[in-house]
Number of protein chains: 2
Amino acid sequence: MVLCLLLPRALSANENEHGPQQHPRACKRKHSGPEGARNRSFSVFSCCENRSPREHQRRKRERCPWRRAFRSICFPHPSERDEDYARALQIKHRVYHTTCHSRAIPISSVLSRECVTLKTMRENESSNARSSQPLSVAPYRGVRDFYPEDMGVFRAVEARVRSWIERWGFEEYGASLLEPAELYEAKAAENEEIAREQTYTFTDRGGRRVTLRPEMTPTLARLAAARAKSLRFPLRWYSFPNVFRYERPQEGRLREHWQWNCDILGEPGVSADIEIITLASSILTDAFGAPRESFEVRVSHRGILTALEGEYLSEPPPNPTRLWAWIDRKEKMDAAQFTRGLRDLLPFDDAKVMETFLEAGSLDETLSLFPRLASVSAVELLQEAQEGLTLLGVPWRFDASLVRGFNYYTGIVFEVFAVSGLRRSIFGGGRYDGLTALFGAPPIPAVGFGLGDVTLTAFLKALGLLPQSALSLDVLVVPLGVRQLALAQKHALSARKAGARAVALLAPASPKEGVGEALRAGARWVVFVGDHEEAQRIVTLKHLPTRTQREAPEEGWEHLLAGEPA
Amino acid sequence: MVLCLLLPRALSANENEHGPQQHPRACKRKHSGPEGARNRSFSVFSCCENRSPREHQRRKRERCPWRRAFRSICFPHPSERDEDYARALQIKHRVYHTTCHSRAIPISSVLSRECVTLKTMRENESSNARSSQPLSVAPYRGVRDFYPEDMGVFRAVEARVRSWIERWGFEEYGASLLEPAELYEAKAAENEEIAREQTYTFTDRGGRRVTLRPEMTPTLARLAAARAKSLRFPLRWYSFPNVFRYERPQEGRLREHWQWNCDILGEPGVSADIEIITLASSILTDAFGAPRESFEVRVSHRGILTALEGEYLSEPPPNPTRLWAWIDRKEKMDAAQFTRGLRDLLPFDDAKVMETFLEAGSLDETLSLFPRLASVSAVELLQEAQEGLTLLGVPWRFDASLVRGFNYYTGIVFEVFAVSGLRRSIFGGGRYDGLTALFGAPPIPAVGFGLGDVTLTAFLKALGLLPQSALSLDVLVVPLGVRQLALAQKHALSARKAGARAVALLAPASPKEGVGEALRAGARWVVFVGDHEEAQRIVTLKHLPTRTQREAPEEGWEHLLAGEPA
């Protein structure tokens with residue numbers, strides 16, 4: 001869009017309201033259009049939007065394309081902005097609204113009225129300048145802004161996951177991100193690190209303690225517990241909430257991210273575990289086409305670690321919660337540091353046993369080292385899960401060190417690791433059968449996972465599989481004159497009603513400019529309406545791929561869009 | 001899904017771990033399946049999920065359908081729950097995982113191992129019971145839970161609006177709901193009531209003051225200002241954020257709601273105002289089919305009120321901000337209260353002038369009462385807008401009392417009122433040209449609106465126009481035996497890959513039960529896999545609408561779904 005600056009000589013930006021000076025930065029180009037002629041007190045300066053000073057100079061030498069675009073406002077190149085210029089633009093706005101319309105009115109009669117406002121505006125500005133610096137344009141730390149190109153990718157990924165999950169018969173639920181703080185402080189839901197150090201918790205104006213949800217599972221348990229009587233189990237439920245954690249922002253760890261939550265509620269059998277793990281894996285392979293070799297699903301069962309503690313350690317661990325939290329962090333530190341920590345938490349011999357256990361590469365290896373674990377129910381369950389996952393083509397591996405951070409897990413747990421490229425955990429989940437009991441409801445068996453958008457996007461990007469959004473225009477309607485602005489809108493509306501994605505230019509343009517704009521926007525059709533078209537009650541319709549052009553009646557032309565010329 | 005309770009006699013719920021008593025509430029039904037026979041220490045009690053005690057009795061008399069469904073867990077009717085029962089279920093869970101699999105193992109060897117855990121579990125429970133009451137299942141005050149049926153409506157409305165807005169060439173942007181508190185406290189962005197009394201503002205763990213956005217416009221201005229150099233104006237941007245206000249929750253006013261924000265940035269001409277108002281109106285008429293008579297768009301321009309103040313009042317209002325805020329609340333109080341407030345804010349005669357002005361029913365009436373306003377630019381603009389809106393079929397009306405709550409508006413403002421049924425403001429918007437200057441960027445002209453989901457839904461519901469979501473299953477895969485659970489999952493996966501919405505039952509069922517389940521879920525196809533099918537490498541495929549049934553090869557049966565039998 002080409003824009004132009006319109007400054008009344010009497011209000012140029014040097015603050016001398018009645019002096020003859022012109023703004024030093026505006027490109028001087030006297031305008032001799034009808035309005036200019038009628039309003040003798042005006043000079044017109046044209047300049048171009050958002051261009052570098054060099055381009056700006058180049059454009060000045062070209063033929064002025066703004067003669068018709070008189071109705072618009074200039075944006076000087078921002079590197080040139082200064083207080084005066086900004087105010088000049090604001091002044092111009094008001095003058096613009098006063099004068100720049102088809103009915104010309106004597107400027108002098110308006111200016112007297114505007115001057116009061118201009119003075120007030122200037123006073124406001126200076127008091128603002130005293131009271132505050134310009135605000136920062138940066139977002140809050142650790143969160144993201146989504147410009148349309150970012151949002152396009154976000155939505156394209158979302159649409160793929162959503163449509164794939166819905167093919168599995170999962171239904172969407174949702175809730176507010178504001179939850180009572182007690183929900184995360186309750187014993188069984190507690191992940192100590194998260195509840196104590198990482199939540200956004202505050203007191204509202206009514207004295208209620210509120211937390212921005214750090215995860216969706218307690219909310220899901222709350223919803224299920226509230227309607228435990230009337231819901232028909234098993235439920236397959238999914239959600240795509242944003243969740244919040246106060247962490248030091250770093251690569252792949254933000255303070256807010258969105259997270260796919262898929263859960264099966266009400267089925268205690270391992271068939272539900274198998275379905276959830278297969279869904280997790282198939283989001284990568286089937287919804288996005290990730291190769292099976294690009295990741296592995298590491299699976300374990302918390303009961304195996306419990307059984308090891310009972311069968312092979314000399315005494316029960318003094319602090320099992322801290323021990324498990326330490327094991328959970330194993331991948332995040334080097335071996336020496338991990339061993340030191342383990343020896344703080346366990347007697348020396350027990351720490352050695354535990355190390356051996358955690359380093360086993362497969363379930364068979366674990367069982368050959370610790371044969372008494374073979375009859376443990378957790379192992380039986382894992383073996384059954386393995387059979388199912390193998391049949392379903394999930395790339396599966398046993399990982400004894402996998403415990404997952406949340407204390408509420410009660411059964412099989414899993415994590416999806418990227419093995420090519422990223423080499424990091426992408427997401428995980430597991431079984432948590434007791435959580436609804438927190439609300440005094442029957443303990444509903446549950447298994448699920450949470451898949452974050454940041455890590456998913458990073459994984460897909462590393463594999464070159466990130467989908468792109470491709471929304472482009474179908475039709476651009478070009479008003480050739482000021483008189484056709486509303487008519488152009490009307491034609492765009494007709495096109496939309498016929499199902500097309502259509503835009504009407506907000507300022508008049510020449511056919512050439514219109515075609516240029518349409519090509520930039522990816523539109524296939526351009527519709528011109530000028531005086532000729534308006535008088536004849538027609539439109540001129542141009543098909544860009546074939547460069548064919550025809551006239552069509554004002555009513556019903558939009559039906560020609562369906563049948564494109566060959 | 002029929003579920004069944006499996007309790008080891010040695011662990012019945014009366015806390016005597018080795019006593020012979022059975023849980024008094026479980027329906028006694030000895031199970032004589034293969035596992036029961038192998039594990040002599042077990043009794044099996046079957047009972048039904050979520051049924052009333054009466055139904056429960058009826059089911060007991062019927063043939064036990066759970067013989068095969070041995071792998072599942074019972075939920076007693078919640079009216080019967082008590083502490084013991086809940087614990088019994090938790091105990092049963094663990095025992096379930098120990099025993100209830102195709103390979104039977106001697107229960108005694110397992111129980112010794114489990115007993116430690118059971119004791120710990122009981123201790124944890126009692127310490128929990130001491131430390132805390134069950135948590136409430138209620139959401140935080142003034143926000144909504146979305147169960148799948150609510151979410152379905154929410155998404156159906158969202159999809160209609162989104163697809164219609166995108167036909168107008170608007171692109172989506174987004175941002176975090178966490179914003180620096182300064183953004184809302186800055187002078188020009190300030191709506192005093194909202195910033196002082198209604199924001200959720202708190203200090204994060206790093207000492208930053210954070211606000212949950214009460215509206216999207218300051219965020220939009222921040223995004224546009226940050227890239228004022230590189231963005232290509234005019235922009236047509238939309239977003240669908242949730243926004244937060246600490247208010248007393250009441251009908252149609254919640255503490256969190258979602259809001260469609262549509263804005264055109266970079267075009268100062270009235271053509272942008274016309275496009276935005278037409279879009280607002282056409283969301284109702286074209287995206288949802290609301291009759292043109294069901295609402296009206298009330299339009300005004302702030303400059304008219306300013307001009308009235310300059311031309312007809314005896315002196316400038318001492319406190320224009322408070323005056324405008326008072327006028328903004330006019331519809332929310334009775335006439336006497338409004339007049340009293342006006343007389344506090346203006347001299348007596350001026351208050352009378354203002355009252356007369358605010359009560360004018362049309363622009364013509366206003367101009368006949370206050371002829372000196374006729375040459376004011378705002379009136380010219382409104383007249384031009386009126387011409388455009390009439391051509392575009394928008395039900396338009398001038399309303400002198402319309403100022404809108406936010407101080408940042410600078411030009412035409414509008415509000416959409418429901419006139420049939422609800423008789424209330426649905427949403428509104430206007431022009432705000434200076435907002436980006438807050439960030440030290442050039443003042444980018446902007447016009448837009450915010451449409452809340454709660455009021456939109458109420459409006460549509462009153463007209464009977466609320467869209468419904470209709471996601472139903474295509475295929476239900478029924479495993480006839482425990483051995484086919486994973487195979488059923490595999491067939492469901494094949495169906496999904498062929499584009500169908502498919503679910504496999506998580507527990508085995510008879511053909512009759514499977515068909516019942518499929519009919520409830522709205523599936524058109526049922527696929528059975530039992531021992532016969534597995535051995536022959538086929539599936540049995542039933543088309544429910546025609547009640548026809550056929551066998552098909554295990555590989556490739558899913559391609560039969562496309563061609564339904566006539």
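Tutor: Let's begin where two chains meet in this predicted model. Strand 3 (residues 145–146) of chain A pairs with strand 5 (residues 174–175) of chain B in the antiparallel sense, over 2 bridges.

Student: How do I read the size of an interface?

Tutor: The size is often given as the accessible area lost when the parts come together. Here, the area buried between chain B and chain A is about 12900 Å². Carbon and sulfur atoms give 59% of that area. The contact draws 148 residues from chain A and 147 residues from chain B.

Student: How many salt bridges are there between chain B and chain A?

Tutor: The count is 12 salt bridges. Have a look at Glu149(A) and Arg227(B), whose side chains meet in a salt bridge at 3.1 Å, N to O. On the side of chain B that touches chain A, there are 47 charged residues, along with 73 nonpolar and 27 polar ones.

Student: Now a single residue, please. Why does Ser282(A) count as buried?

Tutor: Ser282(A) counts as buried because its relative accessibility is 2%, and the cut-off for buried is under 20%. You will find Ser282(A) in helix 9 (residues 270–287) of chain A. Leaving out residues up to four places away in sequence, Ser282(A) touches Trp164(A), Trp168(A) and Ala287(A), and also Leu493(B).

Technical notes. Residues numbered from 1 in each chain as written. Chains lettered and ligands numbered in written order. Predicted model: local features only at pLDDT ≥ 70, side-chain atom pairs only at ≥ 80, totals over all residues. Heavy atoms only, no water. Contact = heavy atoms within 4.5 Å. Buried area = accessible area lost by both parts, 1.4 Å probe. Salt bridge = Lys/Arg side-chain N within 4 Å of Asp/Glu carboxyl O. Nonpolar A, V, L, I, M, F, W, Y, C, P; charged D, E, K, R; others polar. Pairing = 2+ DSSP bridges. Helix = DSSP H or I, 4+ residues; strand = E, 2+ residues; numbered from the N terminus. Buried < 20%, exposed > 50% of the residue type's maximum accessible area, 1.4 Å probe, protein only.
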